[in-house]
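Trainee: I have not looked at this one before. Could we go through it by question and answer?

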Amino acid sequence: MYVCLCKGVNDRAIRDAVEEGARSWREVRERTGCATQCGKCAGTGKGIMREAISEE
Ligand code: FES
């Protein structure tokens, strides 16, 4: 599912960033580009990041 329409980032990309070691929202943003334009997707993106971290 697309999380960020501006940058075309899906939930898989966020999960992959966490699997590759991202542990903060800043790192996930830097790696995926999520929420670097309009920012509307930040809440959803953070939620997926937290879920992915808690599953590790
Ligand atoms: Fe993600 Fe706009 S939808 S920055």
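Trainee: Which residues of α3 are buried?
Mentor: This is a predicted model, and the helix in question spans residues 42–54. Buried here means under 20% relative accessible area. In α3 the buried residues are Ala 42, Gly 45, Ile 48, Met 49 and Ala 52.

Trainee: Within what arc do the buried residues of α3 fall, seen down its axis?
Mentor: The view down the axis of α3 shows whether its buried residues line one face, and they do line one face of the helix. On the other side of α3, Gly 43, Arg 50 and Ser 54 are exposed. The buried residues fall within an arc of 130°.

Trainee: What span does α3 reach from its first C-alpha to its last?
Mentor: Helix α3 has 13 residues, and a span of 18 Å is expected at 1.5 Å a residue. The model comes close to that expected value. From first C-alpha to last, α3 reaches 18 Å.

Trainee: How is α1 placed relative to α3: roughly parallel or oblique?
Mentor: The axes of α1 and α3 are 9 Å apart and pack at an angle of about 45°. Angles under 35 degrees would count as roughly parallel, and 65 to 115 as roughly perpendicular. An angle of about 45° therefore makes α1 oblique to α3.

Trainee: Which residues of α1 meet α3?
Mentor: On the α3 side, the residues met are Gly 45, Ile 48, Met 49, Glu 51, Ala 52 and Ile 53. α1 passes α3 in a right-handed crossing. The residues that α1 brings to this contact are Asp 11, Ile 14, Arg 15 and Val 18.

Trainee: What arc do the buried residues of α1 cover around the axis?
Mentor: In α1, the buried residues are Ile 14, Arg 15, Ala 17 and Val 18. Their arc puts them on the same side of α1. That arc is only 155°.

Trainee: Is Glu 20 buried or exposed?
Mentor: Glu 20 lies in the loop between α1 and α2. Its relative accessibility is 59%, and the cut-off for exposed is over 50%. Glu 20 therefore counts as exposed.

How values were computed
Residues numbered from 1 in each chain as written. Predicted model: local features only at pLDDT ≥ 70, side-chain atom pairs only at ≥ 80, totals over all residues. Heavy atoms only, no water. Helix = DSSP H or I, 4+ residues; strand = E, 2+ residues; numbered from the N terminus. Expected span 1.5 Å × (residues − 1). Buried < 20%, exposed > 50% of the residue type's maximum accessible area, 1.4 Å probe, protein only. Arc of directions from axis to C-beta. Axes fitted to C-alpha atoms, helices over the stretch in contact; angles between N-to-C directions. Parallel < 35°, antiparallel > 145°, perpendicular 65-115°, else oblique. Left-handed = near helix turned anticlockwise from the far one by under 90°. Contact = heavy atoms within 4.5 Å.
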